[in-house]
Structure formats: structure tokens, C-alpha cells
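Please read it with the coordinates open.

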Amino acid sequence: MTSALVTCSGVSNTGKLTTQAGMILMQRKPGMFQCMNCKQSAESLRTEAAGSDRLIVLDGCTDCCATKKLSAAGLAPDVHIIATELGIEKNGMAEVRFEEIEKVVRAILDNGSITSCTKT
């Protein structure tokens, strides 16, 4: 089973966190995860996600930038994880901590806690 991860494009700690968590999963589980950043075009996301069995969105916060980009591509996630909903504080340009990355990785490996965006 292959999962496509679409990560946040933000420069805040929670945005960077989602990309780092995606990269860690690709290293730990080779061939199981494909990581895409929502800075990609909608067409590129649609093309790259086409071969995946499951689509996971990792948003850094409730602004849900990755979810919005995925929606623009005409796709809906199977699992949606928001870092701040896992108890991780959005703290501007703070450094991402290892335990925060592990928390997001664990949420993904546990099939994610499906959450919803509170902002539009």
C-alpha cells in the first residue's frame, strides 16, 4: 500500500514540521510513502497522487493550506492531520523539535486522527 503525503508549505515551525515528518517517513518506510509539498501546482499534485492507494494531508495549522491546494486539484484526503490539533504549538520561526516530528509521524502510522479545519 502506497500513501501520498501532501505537506504544508508554511515557513512557521508547524509548516516545516509537516515536511520533516514526511521526509522521515520516506526514510523509515521506503516505498510506502511519497511526500509532496503543497507548493507544487494543482496539476502536479493530481498527477503524483494518482498512483497512491491513500492520500494523507499534513497541515501545520488550522489555516489548512495543504488541504486547500489539494481541493484545488480536485482531490480529497483519506486522512487529514493538523499539527496544532495534535497539541503542537505554532510558534513562528521556532525550531522544530524531534519529539514534535515523532508525534506527527506516530499520528500518520496510527492511520491519523481525522480532524477538520476551523478556518476557511
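1. Ile56 is in contact (heavy atoms within 4.5 Å) with Ser3, Ala4, Leu5, Val6, Phe33, Val79 and Ile108, once its neighbours within four places in sequence are left aside. This is a predicted model, in which local features need pLDDT of at least 70 and side-chain atom pairs count only at pLDDT 80 or more, while totals for chains, interfaces and linings use all residues. Residues are numbered from 1 along each chain as its sequence is written, and side-chain values use heavy atoms, with hydrogens and water left out.

2. Ile56 also belongs to the largest nonpolar core, which has 17 residues and in which Leu17, Ile56, Val104 and Ile108 have the most contacts. Such a core is a set of buried (under 20% relative accessible area, 1.4 Å probe, protein chains only) Ala, Val, Leu, Ile, Met, Phe, Trp, Tyr and Cys residues joined through side-chain atoms within 4.5 Å. At least two of its residues come from each of α1, β3, β4 (79-82) and α4 (98-109), with α4 giving the largest share, 5 residues. A second, separate core of 10 residues includes Met36, Leu55, Val57 and Leu70.

3. Strands β1 (residues 3-7) and β2 (residues 33-37) pair in the parallel sense over 5 bridges, where pairing requires at least two DSSP bridges, and Leu5 has Cys35 as its bridge partner in β2.

4. A polar atom of the Asp53 side chain lies 2.8 Å from the backbone nitrogen of Thr2.

Definitions and conventions. Polar contact = N/O pair within 3.5 Å; in protein donor to acceptor, adjacent residues only side chain to side chain. Helix = DSSP H or I, 4+ residues; strand = E, 2+ residues; numbered from the N terminus. Buried < 20%, exposed > 50% of the residue type's maximum accessible area, 1.4 Å probe, protein only.
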